[in-house]
Amino acid sequence: MRVDLTVNGETYALDVEPRMSLLDCLRERLLLTGAHAGCEHGVCGACTVLLDGAPVRSCLMFAVQADGYDITTIEGLAPGPGELSPIQDAFCETHGMQCGYCTPAMVLTAHALLADNPAPTRAQIVDAVSANLCRCTGYAQIVEAIALAADRMRGLNWPERGW
Amino acid sequence: MVKSFRFVSSDRRVREDRRFVVGRGRFAADIAVPGMRHVALVTSPHPAARILAIGKSEALAMAGVHCVLDGRELAGATQPLLAGLDTPKVPRRPLAVDVARYAGEWVAAVVADTRALAEDAAELVRVDYEPLSFVLDGEAAYAPGSPIVHADHGSNVLLDRTFVWGEVEKDFAESAHRLSLRLNWGRSSTVPIETFAVLASWDAWREILDVYASVQMPRFPEQVALALKLPGSSVRVHNDVDVGGSYGVKRGIKHAVLVGYLSRRLGCPVRLVEDRLENMRGGDGHGPERNFDVEVAFDDAGLIRSMKMRALDNVGAYAGRSPFQLGKPIGAIVGPYRIHSVQYQAIAVTSNKTTQEAVRAFGQSPTNYAIERAIEEVAKHRGLDRLEVRRRNLIRSEEFPYRIPSGTTYDSGDYHAVIDKVVARADYRALVAERDRLRMQGLLAGIGMAACLEPSGANSTFEPLLNPTNETTTYTDSCRINVDLSGAIAATIHTLSAGQGHETLVGIVVGEVLEIDPDRVRVVRPDSLSSLPSQSPVGSRMAIMLGGAAFHAAQKLKARLLAIAAHDLKIPLERATYAGGEVFDRATPQNRRSWSKLVTIAHRFFHRLPPGTEPGLAFTHVMQVPMGGRLPTEDGRVQMYPCFAFEFHLLLIAIDPILGKADIHRYFVGHDCGTVINPKIVRGMTMGGIAHGIGAALCEEFAYDAQGQLIAQTFMDYLLPSAHEVPPVDIVHHVTPSPHTVFGQKGSGESGYLGAPAAIASAVNDALAPLGIVVTSLPIRMAQLADMIAAARAKRA
């Protein structure tokens, strides 16, 4: 089945099986391997990509359903080779990861959150992060990364919060 | 005395992170090669069944399907997988042979052009089974008359050994009080978000099997070669693969042997990426499921003199290394306490459940839970404060090095100081007041605490202790440092990593020794055929062992630079002084040789080298475990691990009495792992360990129904803590350097998990105390808690 996918600003015309998930399509056909399979039943969120800016589970969507949407994967976030977005840099600053497997999804989740809400409270960050499972970190340094990114993106140099 | 360092302990970024935040990690499932085919598995629906026939024709008739492999064919061509104990009649193989022994066990493997096709074909494989009687419960499996999982073995008992260290009966007889308790640790695991993945590619002309796997397994390449009957030089495991979490379980030996065989048979690369169901049910990655009977003898003041512990572990259908998880705790069998004598019975039994594998802390966290429960019961018995009883029983800082009854010597610690710091940080009295306020609001509130040890620097001494045919007395790790002609430095790691930041570790250590920016040190991972010995990152060992190896290799490099400079400057060696990559004459500091000059001499100017010096700059160090090297004594005493980190957890929990939902309001942990090499990494590990401990204590369980079916097999019924369940944690640091390591570091790879389950159990029990209920089994799940509370209230009314 023919599908036109717009991923990170580029459009790809593909012929896919109707049952191919968006995740498999991104990974196997477009070789964008930053989105990961974790549970393939929509719980862990490791496969998160942005569809028109909103985080979705690419394991629960067929590739053909994504036709016409603007898809952003983790590969689309860095400003240039060797460079990091402010959110990516904040994750490095707080070490908001360990094995790195859930990390692209966490970064994209943070991206969507901060696009909507540039000054989230801790509870709002926790709420957003709770969509994704991380088995390594216990989440603290992920939550801190997002708070740090929010503050930096608002022009501050360091979080002023007490926590 | 805490030393000061240039880079060690400084809050540096973790170099691995840059590739992960942009989605450029290289995980096993990301690696695709031309012509690659895919595996799906046919699994047993029965907990025990004879396999009468496997009908392959329908599956093989599908276009794009290349092979349906059964257990008999595979067993005919391969050796059984290695087991830890000497149990030859309990053979373990990737696919069941004639008998399936747990629901979900792999019975056949289907290879097709795509994974989706392979799954379609797997559904068409017709297997005729004759169901057999089965046993699920560990105690039942141990009892006479039980169905036997491996008939040829004659019983379900893999290990049943009783150790007596010290005068246990005398100590019991002379003690004023004794009490006993029975406890259970439920079956859970680490359940990484990345399932196990492996790609094997056989090159019949080069005679090499290339293996890319998400593995954390000591001696993985050798084990694959042995099982496939290949020379070790024909298996090349690629270490430059990122592992998406493991925390012990990613052993993957059966997976790798399966795809290795298939690749050779089919002449094409073959990949197996477990789906979540295959992972949870048949991936052989369940953790300890342990019953404890603990008896302690103590005096009026609550001082424990002696302990008897019986631990029975239900290891599931096959024997891997898992029975050793009863062995490691021998090295910290008294926890941080001065218990003079111990009797320990360790029992491992097979059952018709998924095979158990290594899980974070390798059996120590359940044992810590049992010890901590005993301490709390002693306090209750004597009407004493729980914290006070701990303080009275703790080993004192002046008693180190401290030899425990089982023969292990603890290196260092100041347990009282750590507890004092935590109590001060938490404002313990205010915490009690907060608990009481929550109780006034109608919640069941409780304060929990746990004091425990993290044995680190894994030596595998439980191998010779529990398996007399095994004489292992070393558990190496290694590093090689090369300086090339341009002066660039490359250091090596000879295993895979699963998020522990080993590249950062090696960079910091080499930078520290050479007094240069760690970022100048490129860290690489040669494949297994170009590697020095490594036992993989198990047992909280890499800060000690890889860090130690990198330190010593860098020291050898530094010593060579000094020798070259002294010779070239024509000064005595003792006058040559190293500083930041240069060497100068202490007497005439203007006489110096720069880094690039020394490198050039080493690589190009043989005539200027000291006589007998090897040209070039390449240095290796293979590290022996500190304090290791000795076999156990006849009476079963042994130095298990070299270093012992300490942690003290203190938390406040509130339970909704209707829902049974436990919320952690405050969480403090005091952590002493000696010198911290990278604070960001250690903090993350501790936080992650606590989160995992919350799961093991409150939500995660591989529950089985009475028919032997695993009923928690997705993330909707096996519940991992989310960001909502993990509270902010206040970590209080303390540093007691280890005398056995290069910077005073101890391990921290399992920190947090060692004490969190015990501490949470303690909090829940404190919360339930007003109702007269004691919880003795983990996990304490919400529904169960609600039922217990309702029943207790009904009884009171």
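Student: In which sense do S22(B) and strand S23 of chain B pair, and over how many bridges?
Tutor: Antiparallel, over four bridges; S23 covers residues 582-585. Strands pair if DSSP finds at least two bridges between them. Strands (E, at least two residues) and helices (H or I, at least four) are DSSP runs, numbered from the N terminus.

Student: Before more, what are the ground rules?
Tutor: This is a predicted model: local features need pLDDT of at least 70, side-chain atom pairs count only at pLDDT 80 or more, and totals for chains, interfaces and linings use all residues. Residues are numbered from 1 along each chain as its sequence is written, with chains lettered from A and ligands numbered from 1 in the order in which they are written.

Student: Which residue is the bridge partner of B:Ala576 in S23(B)?
Tutor: B:Asp585.

Student: What is the strand order of that open sheet?
Tutor: S22-S23-S24 in chain B, three strands with antiparallel pairing. S22 (576-579) and S24 (592-593) are at the edges with a single partner strand each, so each has one side without a neighbour in the sheet.

Student: Switching to B:Thr613: where does it lie?
Tutor: B:Thr613 is in the loop between helix H17 (595-604) and strand S25 (617-623) of chain B.

Student: Why is B:Thr613 called partly exposed?
Tutor: Because 15 other C-beta atoms lie within 10 Å of its own. Buried takes 20 or more, exposed 12 or fewer, and partly exposed is in between, with C-beta atoms placed from the backbone.

Student: And how many helices and strands does chain A have?
Tutor: Five helices and five strands. Of its 163 residues, 55% count as buried.
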